[in-house]
Amino acid sequence: MERYVIRGGNRLEGVVRVGGAKNSILPILAAVLLNKRSEEIILTNVPRIRDVAKMVEILRSLGVSVTWSGSNMAVSTSNVHSYLIDEKLMREMRSTVFLMGALLGRFGEVCISRPGGCAIGHRPIGLHLKGLTALGVQFREQQQGYLYGSSVRLTGADIHLDYPSVGATENIMLAAVYAHGMTTIANAAKEPEIVDLQNFLNKMGARVRGAGTDQIRVEGVSQLASVEYSVIPDRIVAGTLMMAVAASGGDVILEKLIPAHLEAVTAKLREAGVQIREENDRLRVQGVARPEAVEFVRTLPYPGFPTDLQAQMMALLTRARGSSIIVESVFESRFKHVGELNRMGASIIVATDNRTAIINGVKKLTGATVAAADLRAGAALVVAGLSAEGETIVEGLEHVKRGYENLEGDLSKIGADIRRVGGL
Ligand code: EPZ
């Protein structure tokens, strides 16, 4: 099994570049299905990660032609012939759920297998279905957990989300692009990736307004043009690297990121005693020998502290002076990294609500063999290994590679003693 072997204690120094955002390119790759032109769509700053490879496999299974070289991708959808998503592919990556909106927009029909839960929660899609139903889609449960949706004509509607779900917001935006009339989404998610999706759709000729606020309006259009588009930098990869540098007491410049997307993270790291200087699309991070405890971190929808950086922040705070509290308010079971961190000598208690963790800072962590339960937990174990004494083995890299192009390469470049062993 592939694993990382990390020898902790190195101070990280140097410059590292941040790649394109996983949670931007995935809905954008779904959105290309709305384009019926024969000219190619060119996407740049595309991260080479497994989730993108999986989405490309799904698009090709629908008849989309994709040429992918380096971080550039050329996509043509003129031969798209199906709206049925293969169950095996669907189950391997639940975030394909927003293909529903795109396929309904293009064909007025979709057939997907209900996405399963995953390590961080059971991940329901009720908000997605409620929004799409409001646009005129009728859903029918099929055998083997398939869901068939169809609409004679998608019609704009006023939709209010009970919760600002990222995926549901994206699904409704996609289905509304060709809907007849105006669609409003109230209590919409405000993540930067939603703004990126709006910008891509509008560059193709859609009429979407308000992304980044809690009120999005989509005026239906009749066709889209093929364009070239560059994906925004990945704020979660950037935040992960910031925490790795903070944990190692290092001094590193991150480049090609958008500091404004990381305000909640920067604020918390400064509370922990980490020095951060922002300049345009760069950011300098200077860690300390031991971080200060942070009284309280609660994960929230954007612009709150991102749930995708909760595990990495916890890994940093394991060695803080004092006790910190982390509340995971977005997902119901996103503390699977706690047991692994405690095996490295951390002292973390999870309350019975499984939403609140108390991290009592310890002087040092010691290396151990630990396993990643999900992609961000894996990244957190790497952050912990960088500052632990001795050798840490992180297993479960198949999770990490879903969202990080080359974490070991990025970290080695700035002085970490980390290598990938085993595997194929
Ligand atoms: C997106 O997932 C991201 N994935 C997640 O990143 C991220 O953690 C999450 O947004 C929150 O920011 C992609 O963008 C591909 P949600 P998504 O719908 O859309 C509940 C990573 O590590 N909910 O905002 O699935 C849901 O159960 C991944 O990169 C419903 O109850 O997130 C969860 O508790 C992990 N009903 C909460 O809302 C619904 O119909 C947030 O989910 C939909 C969601």
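**Ligand site and backbone**

Analyst: The ligand lies between domain 1 (3–19 + 233–421) and domain 2 (22–230), because both domains give residues to the shell around the ligand. Please keep in mind that this is a predicted model.

User: How many residues surround the ligand, and which are the closest?

Analyst: The ligand is surrounded by 22 residues, and the closest are Leu 127, Ser 165, Gly 167, Asp 308 and Val 330. By class, the shell divides into nine nonpolar, seven polar and six charged residues.

User: Where are the ligand's oxygen atoms in relation to Asp 308 and Arg 376?

Analyst: For Asp 308, an N or O atom of the side chain is 2.6 Å from an oxygen atom of the ligand, and for Arg 376 a side-chain N or O atom is 2.8 Å from a ligand oxygen atom. The backbone takes part as well, with an N or O atom of Gly 126 lying 3.1 Å from an oxygen atom of the ligand.

User: And how much of the ligand does the protein bury?

Analyst: The ligand taken alone exposes 830 Å², of which the protein buries 87%, and the space that the ligand takes is the largest pocket.

User: Which elements give two or more residues to that shell?

Analyst: These are helix 1 (22–31), helix 5 (126–134), helix 6 (166–176) and helix 12 (375–387), and helix 5 gives the most, with three residues.

User: Changing topic to the backbone, which peptide bond is cis?

Analyst: The bond from Tyr 302 to Pro 303 is cis, with omega near 10°, and Pro 303 sits in the loop that runs between strand 17 (296–299) and helix 10 (310–317).

User: What about phi of Asn 187, positive or negative?

Analyst: Phi of Asn 187 is positive, near 60°, in a residue other than glycine. Asn 187 belongs to the loop between strand 10 (182–186) and helix 7 (192–203).

Key:
Residues numbered from 1 in each chain as written. Predicted model: local features only at pLDDT ≥ 70, side-chain atom pairs only at ≥ 80, totals over all residues. Heavy atoms only, no water. Near = heavy atom within 4 Å. Polar contact = N/O pair within 3.5 Å; in protein donor to acceptor, adjacent residues only side chain to side chain. Areas by Shrake-Rupley, 256 points an atom, 1.4 Å probe, with all protein chains shown as cover. 1 Å grid on protein atoms, 1.4 Å probe; cavity = no way out; pocket = protein on both sides within 12 Å on 5 of 7 lines; lining within 4 Å. Sits in = over half its atoms within 2 Å of the grid points. Helix = DSSP H or I, 4+ residues; strand = E, 2+ residues; numbered from the N terminus. Nonpolar A, V, L, I, M, F, W, Y, C, P; charged D, E, K, R; others polar. Domains from an automatic or database assignment.
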